[in-house]
Amino acid sequence: MAATVHPAFSNPTTISVGYTRHNARKAAESRRLGARPVRCEVAVGENRRVTVRNGNDSLDICRVLNGMWQTSGGWGRIDRDDAVEAMLRYADAGLSTFDMADHYGPAEDLYGIFINRVRRERPPEFLETVRGLTKWVPPPVKMTSSFVRESINVSRRRMDVASLDMLQFHWWDYSNPGYLDALKHLTDLKEEGKIKTVALTNFDTERLQKILENGIPVVSNQVQHSLVDMRPQQKMAELCQLTGVKLITYGTVMGGLLSEKFLDTNLSIPFAGPPLNTPSLQKYKRMVDAWGGWSLFQSLLQTLKTVASKHGVSIPTVAVKYILDQPAVGGSMVGVRLGLSEHIKDSNAVFSLVLDEEDLSSIQEVQKKGKDLMRVIGDCGDEYRRA
C-alpha cells in the first residue's frame, strides 16, 4: 500500500489539567455532596487524536484505539502475516493506536513485526503517529525494582521498542499495598526513558486518588464503559476531570453485542440467534443480564438503530461516539480480529458523527430503565475483585 500522510493526523486535541493534591481533596469533597447527573459533551469536528498528560509526561493517541485482546485465542486462529497486514491497513486509515497486554498471546510480538514494517515501508512522519500501548498484569509477588525492570524489558523486547509509549498497570488485590511499590518503580523506569507514560487499568476511584496523592504521574485509567455500563461517570469521571487523568474505555461495543447482528434476536431459544462464541460476547452478555436482561437490551438496540439510520452509520459507531462524548473520556477501544474481519469504515465514521439532543434523549430514556451497576457490581474494576 502506498505510504501517505493522512489528514487524520492533524489537529490533535489536548485535554489535560495539571494534577494537584488540592484537586484530589476537591474531588473527595465533591463526592461527599453526591454524584452529578450524567451528561454528554457533544464534540464538533473531526478531532481524531487526543493528548493524555500529567505534568511533563504526555502522549497523543488516536481516540478510537485498536484493541488486541482478540489475538489471545478464542476468537479464531490468527495468521501472523495476515494480522500484520491488517494492522498496516488500520494505521493507513488513520487508526494508528494499538492496545495490547503482556498476556494477550502474541499481541506484543505482532506489534514488534508491525512497527518494523512501518519503519521500513512508511515515511518518518507516519511512524510518529503510531502508538503501541501495553499492559502489565503481574503476579502477587514482591514488587522489587529488579522484578519490575525485567518484566518491562520483556515487553520492550517483544514490541521491539526502546521506550514503551504507555505502560498500563493492573493489580488484583488492593489489600496488598505492593501496587504502590510497583508504580514507583515504573515511574523510575519512565525517568530512565524506558517508558514514556505510566497509566492504570481497572483501578477504582479510591485507589486512583491514593496513587495520585503518592505522586505517581498517571495519565490515564483504562476501564469498562459502555451504554450499558455507565459506572465510570458516577465517581471516576469527576476525579479525572479535577486531576486531568483521562479514561480509556473498553467493552464499548460489548464484544459486538451492540451491533445490528444481535438486533431482533431471542437468545432464550436455543440456536435461534447468533452464537455467543467468543470470550468477549460471553463476558458482556453477563453484563446485559446484570443491567436489565435481553428484552431491555433489545429496546436499546432498536433505539440505537433508529439513531444510526438517521445519521447513515452503524449501531457500533453510535455506541462508541456516545461514550467518547462522555466527561473525562480520552479514547475508546474497539477490538480488532486481525486478518479475520475489519471495521475500519465504522471506526472512522465515529469522528464525523455528531449526536444531537434528540438522539441523546432517546438513548438515555432506555438507559434509565436499567439497573445501577454501581450498586450491583461496585466501582470500576470491582468485577475483577469480587467473588
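Author: A charge is said to sit over a ring if NZ of Lys or CZ of Arg is within 6 Å of the ring centre and within 35 degrees of the ring normal. The model discussed here is predicted.

Reader: What makes R207 a residue whose charged end sits over the ring of Y174?

Author: The charged end of R207 is 4.0 Å from the centre of the Y174 ring, and because the limit for the distance is within 6 Å, this value meets it; R207 is therefore described as sitting over that ring. The charged end of R385 likewise sits over the ring of F203, 5.8 Å from its centre.

Reader: Why is the aromatic pair of Y111 and F114 called tilted?

Author: The centres of Y111 and F114 lie 5.7 Å apart, with 55° between the planes. Y111 and F114 are 3 residues apart in helix 3 (residues 107-121), which means about one helical turn separates them.

Reader: How do you know whether Y111 and F114 are buried or exposed?

Author: Y111 has a relative accessible area of 2% and F114 has 0%; because buried means under 20%, Y111 is buried, and so is F114.

Reader: What makes the pair of W136 and F169 a link between distant parts of the chain?

Author: W136 belongs to strand 6 (residues 131-136) and F169 to strand 7 (residues 166-169), 33 residues apart. Their rings form a tilted pair, 5.8 Å centre to centre with 45° between the planes, and both W136 and F169 are buried. Ring pairs also join W136 and F169 with F147, W171, Y174, Y179 and F203 in a cluster.

Methods. Residues numbered from 1 in each chain as written. Predicted model: local features only at pLDDT ≥ 70, side-chain atom pairs only at ≥ 80, totals over all residues. Heavy atoms only, no water. Phe/Tyr/Trp six-rings, centres within 6.5 Å; stacked < 30°, edge-to-face > 60°. Helix = DSSP H or I, 4+ residues; strand = E, 2+ residues; numbered from the N terminus. Buried < 20%, exposed > 50% of the residue type's maximum accessible area, 1.4 Å probe, protein only.
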